[in-house]
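Please consult the sequence and the structure shown below.

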Amino acid sequence: MPADGDLGEAADVLRTGGLVAFPTETVYGLGANALDARAAARIFEAKRRPSFDPLITHLADAADLAPLVGPVSPAVAALAARFWPGPLTLIVDRPERIPPIVTSGLDSMAVRVPDHEHARRLIAAAGVPVAAPSANRFGQLSPTRAEHVVRGLGAAVDVVLDGGPSRCGIESTIVDARGDHPVVLRLGALPVEELEKAIGPVTVRPGSSGQPVAPGTLAAHYAPRTPLRLVHGAESVGADGGAGRGYLAFRDRPAGHWAAVEVLSAAGDLTEAAARLFDALHRLDAVGVTEIVAEPVPDAGVGRAVNDRLRRAAATWHPAP
């Protein structure tokens with residue numbers, strides 16, 4: 001269904017325990033009523049997501065936070081006021097109304113307000129907070145177009161809203177600002193530098209050992225079906241070059257003969273590179289190459305989040321013996 005049309009049917013599906021995939025500025029989300037444990041369980045089933053990986057709850061407006069969770073820390077309030085709607089997820093204490101399955105049994109909850117008109121209209125029309133991880137099979141590439149959702153999840157979703165390509169192209173930044181020292185738990189579309197302008201120095205601690213305290217922080221994640229290897233320049237691939245392989249470049253096409261090449265930003269623009277990342281990986285994954293060779297982008301601003309996704313995608317790669 002078009003996301004810019006009447007969202008009444010999709011809102012009804014959410015209210016009655018169904019699943020709706022919808023566009024946000026980051027990636028497409030797979031939404032369910034966050035107050036309904038059975039509906040949340042359908043998300044885990046559809047994604048084949050392990051029960052230990054918590055979900056993000058989405059709100060229609062920043063004003064909806066206090067009625068749901070009660071008082072928050074001054075830093076959480078400041079970040080919400082500055083960056084919502086936007087690609088920032090904040091960790092708060094889980095309220096009793098949110099069933100434990102949404103937070104994977106944790107006493108904390110991840111929550112955000114998406115910067116996408118149709119997403120907020122949908123949530124407002126449903127009249128409930130919406131739990132929504134990315135609308136893909138667990139551990140695979142995040143969807144930045146409706147067709148990615150359909151191809152990855154198919155009939156497991158009741159309604160897919162098509163809002164065109166996602167603007168940011170990578171997931172939200174996740175911050176735990178409940179204590180005295182804010183901690184970035186997942187790098188994302190909101191650069192760390194912007195956070196520090198608002199609240200001062202933050203600690204960056206992405207990655208998870210054991211049960212994650214935030215979504216998308218497992219060491220191996222965001223991976224294409226095709227093996228992905230992270231290298232520093234095409235010349236490091238080897239003498240056989242790119243035969244049968246795909247190459248993901250930052251700004252310059254690599255020398256040699258490659259089966260497929262995707263350039264993230266010919267202008268060297270990190271924001272453009274982030275927006276194109278998953279879409280480019282989806283295309284390389286679909287053309288039948290034996291391996292995707294990817295180079296990192298400059299490790300600054302949103303480029304840190306791009307490199308984070310590439311490292312996680314490559315974490316399951318093992319060289320042939």
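Which side chain meets that of D308 in a salt bridge? The partner is R309, with an N to O distance of 2.7 Å. This is a predicted model, in which local features need pLDDT of at least 70 and side-chain atom pairs count only at pLDDT 80 or more, while totals for chains, interfaces and linings use all residues. Residues are numbered from 1 along each chain as its sequence is written, and side-chain values use heavy atoms, with hydrogens and water left out.

**Salt bridges overall**
- The structure holds 18 salt bridges, a salt bridge being a side-chain nitrogen of Lys or Arg within 4 Å of a carboxyl oxygen of Asp or Glu.
- A network of salt bridges links R145, E262, R276, D279 and R283.

**A buried pair**
- D308 is buried, at 4% relative accessibility (buried: under 20% relative accessible area; exposed: over 50%; partly exposed: in between; 1.4 Å probe, protein chains only).
- R309 is likewise buried, at 1% relative accessibility.

**Partly exposed pairs**
- R15 and D12 form a salt bridge through their side chains, at 2.0 Å from N to O.
- These two residues, R15 and D12, lie 3 residues apart in helix α1 (residues 8-15) and are therefore separated by about one helical turn; helices are DSSP runs of H or I with at least four residues, numbered from the N terminus.
- R15 is partly exposed at 36% relative accessibility, and D12 is partly exposed at 38%.
- The side chains of R120 and D115 form a salt bridge at 3.9 Å, N to O.
- R120 is partly exposed at 23% relative accessibility, as is D115 at 30%.
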